[in-house]
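Subject: Handover of a structure and notes on it

Dear colleague,

Please find the structure below for your work. My notes on it follow directly after.

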Amino acid sequence: MTTTILRVSDLKTSFNVKRSGRKYRVNAVDGVSLSLVAGEVLGIVGESGCGKTTVGRSIVRLVQPDSGAIEFKDTDVLSARGQTLREMRLNLRMVFQDPYASLNPRRSIGDSVAEAGDINKVFTSRAERAARIAETLTAVGLEPSFATRYPHELSGGQRQRAGIARAILPAPAVIIADEPVSALDVSVQAQVLNLMMDLREQLGLSMLFISHDIGVIGQISDRVAVMYMGRVVEMSGARSILDRAAHPYTRALMAAVPRPDPSQRIAGAIETGEPPSQFNRPAGCAYAARCPLVSERCRAEVPQLRPIGADDKVVACHNL
Amino acid sequence: MSRDGITMWLTPFLARPIALIGLCVLLAMVIAAAFAPWLAPYDPYAIHPVSRLMPPDAVHWFGTDQFGRDTLSRAIYSARMALLIGAGVVLFALITGIPIGVFSALFPRLGHVLMRMVDVLMAFPSLLLALGLIVILGPSVANSIIAIGAGYMTTTTRIIYGLALRLRAETYVEASRSMGSGTGWLVVKHILPNLISPLLVQASFVFAFAQLGAASLDFLGLGAPPDIPSWGNMLAESRTFITRAPWLLFFPGMMIVLTAFSLNLVGDALRDRLDPRFRDVFSGEG
Amino acid sequence: MWSYALKRAGATLVTLWAASVIIFAFIHLIPGDPIYVLLGDTATPDQIDRLRHELGLDEPIVVQYLQWAGHALRGDLGQSIFFQAPVTRVIADGAETSILLATMTMVWVVLIGVPIGTIAAVRHGTWLDQGLSGVAMFFASVPTFWVGLYLILIFAATLGWLPSSGYPSIFEGGSGNLRYLLLPSLTLAAPNAALILRLTRASMLDVSREDYVRTARAKGIRPWQVVRRHILRNALLTVVSAFGFTFAALMSEAVVTETVFALPGIGRLVVQSILRRDYPVIQGIILVIVVLYLFINLIVDLAYRFLDPRVELQ
Amino acid sequence: MKSGIGLLARGAAAIVTALFLNAQAQVPANAAGMLREATIGEPPPLDVMVTTADVATTIGRHMFETLYAWDSHYASQPMLADSDKVEDGGKTIVIKLREGVHFHNGKEMTAKDVVASMVRWGKYGSRGKLLMGSATSVEATGKYEVTLKLSSPNGAWKNLLSDVNGGLAIYPEEIASKATGQPIEQKDYIGTGPYKFKEWRPNRYVELEKFAGYKPRKEKGDGFAGARVANFDTIRFIPVPDVGTRVSGVQAGDYDYAEMISGDLYDSLSKDKSVQVQRTNAPIFGLFFMNSKEGILKNNYKLRRAIQTALDKSQALRVAFGPQDLWKAEGSIVPKGTPWYSTAGIEAYSPHDAKKAKEMAKEAGYTGQPIRLLVSTNYQAHYDEAAVFTRQLADAGINVQMNVVDWATLLKMRGQPEQWDIFVTHHSFFPDPILFTFLNASYPGWWDTPEIQKLRAELVNSSDQTARKATWDKIQALIYEQVPVMKVGDAYTYDIASPKLKNLNPNGPAFWNVSTK
Amino acid sequence: MLSVRDLTVSIGSDAAPVDIVSGVSFDIGKGEILGLVGESGCGKSMTSLAVMGLLPQPGPRIRGGRIELVGADVTTLQPWQRVEAGHGRIAMIFQEPMTSLNPVRRIGDQIAEAVRVHDGLSGAAAWTRARELLEQVRIPDAALQLSAYPHQLSGGQRQRIMIAIALACRPQVLIADEPTTALDVTIQIQILGLLRDLCNRLDMSILFITHDMGVIAQLADRVAVMYGGRIVETADVATLFGEPRHHYTRGLMDCMPVRNLGARRLPTIAGQAPRPGTIRTGCVFAPRCVAAQDVCRTATPPRLALGEGHEALCAFPLDAGRPS
């Protein structure tokens with residue numbers, strides 16, 4: 001039986017943005033509901049500014065949501081205090097995009113990797129701490145001697161391994177990986193993706209994997225949520241998204257991925273428009289302006305997620 | 001600092017010979033200050049009214065002043081004052097600036113108010129601020145440090161605030177926060193260690209400008225008590241003799257220039273070594 | 001634009017009020033008493049007490065502040081204890097010198113700092129750049145008064161080309177009297193021009209590393225045009241925003257410079273007023289300086305917004 | 001942007017050209033008939049009755065006149081007074097005024113003006129108490145006659161009426177009668193002098209102009225006495241605090257006269273053809289006051305004497321004043337050549353005997369406690385003297401700690417007896433010892449022992465010169481015994497002037513009778 | 001149109017130069033799109049800047065080789081010198097559309113400036129031409145956008161502006177250095193389409209630099225794969241993707257997730273790319289190559305001609321005909 005380990009319900013997060021001397025409230029996340037089953041990888045895919053990163057950051061409480069609920073194993077994340085909060089901090093962990101920026105240049109790799117444990121006073125002795133660091137570094141494919149090195153001595157791939165090591169020590173339940181391989185070269189990206197898949201198996205991790213790269217998402221995820229302008233527009237099993245995309249946006253997204261196959265070229269010019277301004281959201285479906293299927297209803301009414309066809313697919317579109 | 005850290009800090013000097021010269025000049029100053037009693041040929045306080053205002057010669061290399069005191073000896077002893085004032089001002093600026101700046105960056109709402117107060121203080125020309133403080137507190141070395149330091153405290157606080165704001169937005173700080181770190185942890189483990197390098201740059205500039213500020217105060221007769229040898233005091237006293245004994249003006253002035261120049265060289269070299277993200281924080285003030 | 005300017009002006013007023021409180025509190029902390037200075041060495045205690053009462057200096061400090069602030073709002077900065085004349089008049093008298101001095105200095109600063117900084121940046125890394133930067137750093141490391149004393153020694157005492165001190169108003173002797181301000185303005189310009197030079201050079205180098213400069217070069221524009229159209233303007237944005245700081249520095253250094261050259265400006269006036277505890281004059285001058293500083297920052301800020309379209313005006 | 005910079009460049013080029021052209025064609029900007037004097041600083045208000053600052057006196061002397069004035073030998077001669085009679089054993093003084101003397105406002109001066117001025121002087125004048133303290137009445141006994149009645153004779157009355165400095169300047173009645181302790185306003189600067197007030201531009205200058213209605217006395221000008229003839233249309237007093245600047249200003253022709261030049265320039269300026277040197281004829285003298293009210297020096301005459309024994313005053317004088325011509329290590333408090341010269345006690349003036357001083361200090365029970373010396377740098381000489389003495393006392397094991405403050409702070413602090421043990425000031429020459437501050441029991445230092453109380457009364461309440469001189473001898477001896485104050489020595493300041501100026505006043509800067517050629 | 005021969009770009013002192021591009025040669029024919037592909041640090045951007053005459057100064061410099069533009073030697077010429085010499089018909093667009101436009105000047109000015117240099121037009125005429133160019137890159141409301149500032153536009157539009165500026169140079173050769181890397185995929189595909197379209201319509205040659213094999217496959221006619229400062233394989237696009245012969249090319253393609261959807265593990269290339277100057281002897285790829293022999297580490301690998309226009313820098317190339 002599968003148990004839901006993390007549940008996000010109707011999450012709304014907005015920011016104040018100053019433009020032209022005027023304050024705008026930008027709804028970065030506008031009513032997102034997700035659930036993560038123990039042991040699964042849920043991919044969130046979308047283009048820049050779609051709010052996927054904000055979802056991740058809201059879960060680890062780096063930003064304060066306006067409304068909605070986040071539950072981790074039946075505890076309310078947003079109102080957690082004291083011991084519950086500490087537990088949650090140790091169980092909900094994040095891997096960041098930029099391996100160069102996410103490690104403090106003035107702290108040794110060992111210190112960075114052990115930070116969660118140090119903050120929450122997990123280690124009972126120095127020896128235990130050192131052992132756990134060594135063990136974790138080995139688990140991510142780094143020599144234990146890396147513990148005394150500093151970030152500038154490491155390559156990008158090694159740093160990201162260190163970043164992952166930091167996220168899994170001491171053992172977490174859920175990893176929120178925010179574009180963990182986007183900054184890496186393709187050859188290194190494959191190594192890190194493999195590592196994450198290995199760790200997931202070995203440690204029984206659940207993962208929220210955020211990326212703009214549909215290939216990467218398709219590779220690692222069990223289920224995929226597609227986000228557009230702060231909302232989930234389609235969610236289903238990974239294969240189903242890749243092969244049978246339903247929402248017009250998902251389809252456009254899939255079509256736009258450059259296939260590494262010269263025989264599958266997209267001919268001529270494609271004009272699919274650009275997303276609307278975040279400061280000036282349209283009233284109805286945010287994709288209406290670019291959508292080939294657009295109808296009157298789309299401009300007036302925000303479509304809600306509803307099941308379509310088989311394999312648990314849900315889509316937010318009026319015209320399917 | 002690890003050995004690696006030391007080489008890291010030495011590289012900018014090795015790469016730039018002129019900065020190395022600056023470093024050597026500063027070292028010479030420190031030596032002069034530390035070993036003044038052995039290096040100075042005469043007692044800097046000894047009064048010989050008969051041989052006053054003597055031009056430089058073999059006996060008195062830098063000549064003598066209106067009390068007949070040996071200018072070279074006084075110049076050497078003055079290095080103590082220069083280092084004391086410089087270090088004091090830097091310390092004062094940092095001790096006040098770091099808590100205010102870091103605190104304001106971490107607690108934006110209160111920080112905003114604090115920074116506005118700093119802005120208010122910045123509206124006062126630093127020398128006037130120093131003058132006022134000196135007159136209030138009375139002239140003494142410690143008060144000179146406070147008076148000059150007050151002027152640099154504002155700019156330093158601003159810089160620290162700017163740096164801390166950037167550091168607060170760093171991904172590794174976010175990472176730490178996502179793991180539940182408190183303010184203390186963030187400050188001690190993440191912010192302060194990363195402030196060290198840019199603050200070293202700031203320190204060298206403040207040190208340099210403190211020399212000039214102290215000299216100005218001394219010149220206006222409101223700096224260190226005039227019986228204490230300092231380059232500024234020497235200049236202030238010799239001003240009357242500008243035509244009669246120009247050498248009295250030259251040597252202490254050159255000492256100030258040399259010190260400030262060397263510090264600026266060092267500061268520049270350190271700044272160029274700095275993370276480019278932090279570099280522009282210093283653009284306003286040279 | 002206007003709403004922003006208004007908002008900024010409002011914030012400036014709050015700053016000003018805070019500054020006025022600080023000024024007042026600060027000044028009344030200064031020990032000593034204007035009475036002694038006024039009456040001289042032999043004043044008797046009852047003479048002193050009487051005068052103190054007549055001048056209102058025995059009132060509680062809050063009362064004194066409210067009176068002063070109330071008058072200041074109406075443009076009356078009070079009566080100079082020392083001169084027995086309105087503070088506004090005393091300041092206005094010094095303002096001519098200070099404004100002319102500051103203007104001349106800024107002309108030097110811009111004229112020396114910007115072009116030479118540009119040359120140093122364009123010739124980046126050459127001996128010319130190193131030489132110019134070295135000279136700039138030298139002048140940034142020199143005490144202002146030392147430069148002044150040497151200029152006097154050379155141009156006034158030895159060569160006799162220029163007057164060493166004082167400044168008769170141009171309203172009395174014509175613009176030729178500006179020569180009195182030549183040495184002081186050069187003295188004052190030296191460190192600030194050096195600063196602007198270094199800043200111009202640094203920000204030009206920063207800008208020249210920007211991608212859009214590469215774009216401009218890729219278009220096939222001549223190097224000097226690239227400098228003029230793409231680098232200089234963007235670099236000057238930084239330089240302009242440093243003018244507020246330069247002004248404050250200028251005010252500090254003017255105090256010393258005016259003292260060295262015995263100029264009848266407000267810089268020397270404030271030092272002397274501090275020494276003779278002429279509270280109303282000190283308060284008045286510092287208030288004026290703070291107002292000027294805030295005003296200049298306001299202008300710089302608005303100018304910046306005007307020059308940089310990224311900050312949109314509404 | 002482009003045009004902006006271009007414009008700036010062209011404008012600046014124009015300015016530079018103009019400046020250098022002007023610099024080339026440098027003509028002294030001396031308007032016809034203007035005399036420019038560089039003073040040591042900005043004067044306080046020119047109400048000479050209440051202020052005693054030297055700068056104010058120098059300027060005020062040209063506008064305001066006193067009943068009597070000193071000639072070049074510091075003897076009092078009538079100025080606004082015509083003649084006088086002393087009656088009732090010195091208790092009644094009748095002064096007859098000159099007729100036809102006019103104020104700058106055109107009004108004729110009469111006895112009413114003098115009475116009003118005397119009343120205000122007695123009440124608020126800095127030195128007024130010395131005479132008016134014992135006045136029982138002052139009234140106009142005729143249009144040109146004033147009668148002053150005293151409760152006891154005052155031997156110094158004429159000298160007290162001869163100095164403008166804190167003295168009885170004659171103001172118009174309407175001004176004097178409404179004036180309070182606050183200095184009178186600029187519009188009320190109305191006197192009878194050869195120059196009248198024109199304008200005061202703070203930090204720039206005070207300008208006086210010739211008073212057309214002035215009628216000089218018939219006697220030949222001598223010192224401050226006698227005929228006063230204004231030869232310049234205007235006089236401008238320009239504050240130039242830096243002495244080097246004052247010197248180069250006169251050399252370059254920017255000023256015609258400059259006061260208080262530092263001693264070290266004396267030799268070279270004496271030889272300099274571009275200036276003439278004017279040494280004052282009366283010395284000033286530095287004074288180190290001891291705290292008689294509180295602290296370690298209170299009543300400890302032995303320790304005070306030990307301090308004086310350790311000193312070599314000529315060293316301090318050399319440092320402070322330079323060439324031998326300008327100073328004299330003189331133990332007599334009033335210099336030689338005056339009736340008050342005295343040798344009483346002067347062997348203790350400057351022994352410079354560290355060993356003996358050490359013994360004396362030990363006997364006095366001194367064990368190295370710090371002695372706080374309050375001094376200001378506003379007067380370079382004060383500081384120089386203090387620095388030298390501190391060093392000399394250190395050699396004798398006496399631990400002096402200098403507290404260097406600015407003058408305003410010193411003035412405030414010296415009124416607080418707990419703040420200091422010794423403070424430094426100086427005194428200008430006065431032809432009668434009665435005005436010496438150390439004889440004033442309320443002056444900081446607060447020397448008020450029974451011995452001096454008695455002698456002081458003798459000195460004041462007698463008008464017999466021989467008796468007063470005998471008293472003064474006793475006072476000087478007492479000063480060397482109780483050491484309420486130490487005299488440093490006599491110093492002759494000097495001024496410089498343009499060589500074109502003729503007939504400079506030997507008493508100090510006073511520009512009537514002075515002319516160019 | 002563009003011929004590059006043995007281009008070597010170095011940093012460091014003349015005495016001990018470190019080559020970041022070594023011996024790179026390629027040709028681009030009229031109307032052809034050559035894709036230059038490689039991972040970060042392989043020297044592809046340096047190559048493009050060197051070709052454009054835009055190497056930053058002080059910094060890397062051309063130590064050897066020759067660059068010919070339509071037969072003229074432009075090796076040492078900067079763009080403005082090329083324009084003056086009459087060989088200025090080459091233009092470049094860059095990776096960061098956000099920073100590549102001057103933030104304080106109007107779009108129209110920035111385009112007109114290039115028009116002025118290359119067409120000699122000025123004033124209104126230049127602006128008219130600028131509007132045409134904007135229409136050519138399919139910016140809606142072209143006339144309006146001319147007076148906009150860069151920050152008012154989205155990333156995709158800015159990249160179009162960059163292309164318009166490039167087109168203002170009437171280029172025969174366009175160098176595009178990762179022009180779509182900073183863009184979202186739906187925008188990327190539009191820009192790629194636009195470039196292909198312009199290439200066809202204006203008969204322009206393009207040197208397209210990217211790290212993304214997918215983009216290469218979509219756009220390029222021929223492909224050059226760079227690794228460690230060298231071109232390790234060149235072929236037409238179909239051949240390269242169909243029969244890669246260099247182990248690196250193969251590895252690069254294999255590890256793309258899109259080609260391995262559903263696989264439990266991705267094929268990888270072990271190790272990491274060398275820093276410039278760290279490998280001085282033998283094949284630069286040898287430390288990571290599964291097929292490396294001893295000789296690969298000591299001797300410079302041969303440049304094998306494997307077919308028409310197909311070359312690989314490898315001593316032991318993959319078998320032909322093995323499907324990828």
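T186(E) touches E47(A), A252(A), L253(A), A256(A), T272(A) and R290(A), leaving aside residues up to four places away in sequence; contact here means heavy atoms within 4.5 Å. This is a predicted model, in which local features need pLDDT of at least 70 and side-chain atom pairs count only at pLDDT 80 or more, while totals for chains, interfaces and linings use all residues. Residues are numbered from 1 along each chain as its sequence is written, chains are lettered from A and ligands numbered from 1 in the order in which they are written, and side-chain values use heavy atoms, with hydrogens and water left out.

The side chain of T186(E) makes a polar contact with the side chain of E47(A) at 2.5 Å, and another with that of R290(A) at 3.2 Å. A polar contact is a pair of N or O atoms within 3.5 Å; within protein, one must be able to donate a hydrogen and the other to accept it, and residues adjacent in sequence count only if both atoms are side-chain atoms. T186(E) counts as buried because its relative accessibility is 3% (buried is under 20% relative accessible area, exposed over 50%, partly exposed in between, with a 1.4 Å probe and protein chains only). T186(E) is found in helix α7 of chain E, residues 185-202; helices (H or I, at least four residues) and strands (E, at least two) are DSSP runs, numbered from the N terminus. Between T186(E) and G156(E) there are 30 residues in sequence and 9.7 Å in space, C-alpha to C-alpha.

R160(E), in helix α6 (residues 155-168) of chain E, is also buried, because its relative accessibility is 4%. With residues up to four places away in sequence not counted, R160(E) touches E271(A) as well as V137(E), R138(E), I139(E), Q190(E), I191(E) and L194(E).

Turning to chain A, an open sheet of eight strands has the order β6-β7-β8-β3-β9-β10-β12-β11, with mixed pairing (two strands pair if DSSP finds at least two bridges between them). Its edge strands, β6 (92-95) and β11 (306-307) of chain A, each pair on one side only. Helix α2 (residues 82-91) of chain A packs on the sheet, where it touches β6 and β7 (174-178) of chain A, and its direction makes about 40° with that of β6(A). Axes are lines fitted to C-alpha atoms, for helices over the stretch in contact, and angles run from 0 to 180 degrees between N-to-C directions. Helix α6 (residues 156-168) of chain A lies across β6 and β7 of chain A, at about 175° to β6(A).

Within this sheet, β9 (residues 223-228) and β10 of chain A pair antiparallel over six bridges, and V224(A) has S236(A) as its bridge partner in β10(A). Two residues separate the strands of this hairpin, in which M229(A) takes a positive phi near 50°. Five of the seven residues of β10(A) are buried.

As to the chains, seven pairs are in contact, and chains C and D share the most contacts. Chains A and D do not touch, their nearest C-alpha atoms being 24 Å apart.

Yours sincerely
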